[in-house]
Amino acid sequence: MRSVPSSAVLPVVPRPGREERLSSWLNRLALFYAMPVASFLEYCSLNGVDIAALEWRLGDDEAIALATRIGMTVDELRMMTFQEIARHARPMIYRGGGNSCPVCPPDLRRKTAAFPWNFWCVEHNVRLIARDGENLVMKLPETTLTSLDVNAHQGAMRLAAWAQGKDTAAPSVPQHLDFLTTRYRRPRSPSFESPLPQSTPPWPRYAFLLVVPEYDRVAPAFDRPVRAGVSSLTRGSLLQKYALTVALGRIATDPVGHVASVLLASDYDGEEWLHQTLQTWPLELLNRIYARLYRLRAARRNAAEREVSSWAAWKEHKSQNPDSPSLKIVRRESQNHARSRRPSH
Ligand SMILES: [Zn+2]
C-alpha cells in the first residue's frame with residue numbers, strides 16, 4: 001500500500017464508460033493501479049466490502065469515501081448503481097455479466113446489458129449476445145428481426161419504466177405478462193407438426209405464441225416452457241426473452257386486437273384460464289375486447305355457414321354424376337372438415 005494521505009484523490013482516474021456498472025469500473029480501476037480489488041477498496045476506506053454488493057446498496061458513508069478518493073460526486077457514483085430499480089424488479093436484473101456486446105472491451109460491463117429486456121449495446125447500437133454465445137441473428141432472419149425490433153423497443157420502454165416504478169398505464173406490465181404467459185389451449189403434440197420424436201412432451205400453447213408467431217415457428221422444444229408473469233423474463237433463452245418483450249410491445253399497443261384474437265383461438269379450458277388473468281383489467285377495455293371477440297366469432301360463423309351452403313349447392317349440382325372420382329375425393333374432405341360444425345351430417 002502506498003503511503004498516501006487518507007483524503008488524497010487518486011492522481012489519475014480514467015472516466016467510466018457510458019452506463020458502466022460501478023462494479024465493472026472499480027474492477028478496472030483496481031487493474032489500472034495493479035492492485036487486487038480488495039486492496040483497492042481498502043485503500044478507498046472500504047475494508048471488507050463486497051464489490052458486487054456496492055452497486056445494489058451504496059450507503060452514504062461508502063459513497064462519500066469513494067467519491068473523496070476518486071474525485072467524483074456522490075451523484076455520479078450513484079448513477080452507476082441500480083438504485084433506480086424498484087424492489088419489485090430487482091430479481092429480474094442479471095447479477096453477473098448479463099448479455100455482452102461483441103464490440104465492447106470484455107472487462108467493461110454496462111448497466112443496460114444487465115436488463116433482460118434490453119437487446120442492444122447502448123454505446124455501439126449492435127445486438128447483444130447471451131453469455132452462452134446465443135445470438136438472435138442465428139435464430140431469425142435479419143429482415144424479420146428488423147420488423148420485430150420496433151415492438152421490442154416498445155416493450156423494453158414499458159419494462160424499463162415499470163422497473164423504475166414509473167409505469168402507471170393500465171393494464172400494467174405484470175397484467176400484460178400474466179396474460180401472455182397463460183395457455184390459450186391444451187398442449188399440442190409436436191409430432192403432428194414437426195419431425196421431433198414421439199417422446200417429446202407436448203408443447204404448451206401460451207398466448208404470446210399467437211402474438212409473436214415469428215418465435216413460435218423457430219423456437220426449439222427446450223425453449224418452450226415459460227414461467228408465469230414477470231418471472232418469465234428471469235429464465236429462458238435470449239430468443240425467448242426477446243419474443244416476450246416483442247409480445248409486450250405488441251399487446252400494449254393494441255390490447256383489443258391481440259386479446260380478442262387469442263380468445264378466438266382458445267379452447268374451453270384456455271378461455272377459462274385467460275378469463276382469470278383478465279379479471280383485473282380495466283372494465284372499459286374489457287368491454288371493447290369482448291365486443292371485438294363477438295364480431296370475430298360472428299364473422300367466423302358466417303364464413304362457416306357460407307362454406308356449408310356452397311358445398312350443399314355444389315353437391316346438388318353434381319348429384320347427376322355421383323361416380324365422378326373427383327367428387328368422391330372432395331366430398332370426403334368436405335365431410336371431415338364440416339363434421340365439427342354439422343354433427344348431423
Ligand atoms: Zn458495445
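## Close-up views of a predicted model

**View 1. Helix 8 meets helix 11.** Helix 8 (residues 173–180) packs against helix 11 (residues 238–253) at an angle of about 110 degrees, and their axes are 10 Å apart. Helices here are DSSP runs (H or I, at least four residues), numbered from the N terminus; axes are lines fitted to C-alpha atoms over the stretch in contact, with angles running from 0 to 180 degrees between N-to-C directions. The two helices are therefore roughly perpendicular (65 to 115 degrees). Val173, His176, Leu177 and Leu180 of helix 8 make the contact with Leu244, Ala247, Leu248, Ile251 and Ala252 of helix 11 (contact: C-beta atoms, placed from the backbone, within 7 Å).

A note on the model: it is predicted, so local features need pLDDT of at least 70 and side-chain atom pairs count only at pLDDT 80 or more, while totals for chains, interfaces and linings use all residues. Residues are numbered from 1 along each chain as its sequence is written.

**View 2. Alanine 89 in its loop.** Look for alanine 89 in the loop between helix 5 (74–79) and helix 6 (136–139). Alanine 89 counts as buried because it has 20 C-beta neighbours inside 10 Å (buried: 20 or more other C-beta atoms within 10 Å of its own, these atoms being placed from the backbone). Leaving aside neighbours within four places in sequence, alanine 89 is in contact with Trp162 and Ala163.

**View 3. The buried residues of helix 1.** In helix 1 (residues 22–32), the buried residues include Leu22, Trp25 and Leu29. Their cover includes helix 2 (37–43), helix 3 (51–54) and helix 5.

Notes: Angles under 35 degrees count as roughly parallel, over 145 as roughly antiparallel, 65 to 115 as roughly perpendicular and the rest as oblique. Two residues are in contact if their C-beta atoms, placed from the backbone, lie within 7 Å. A residue is buried if 20 or more other C-beta atoms lie within 10 Å of its own, exposed if 12 or fewer, and partly exposed in between; C-beta atoms are placed from the backbone.
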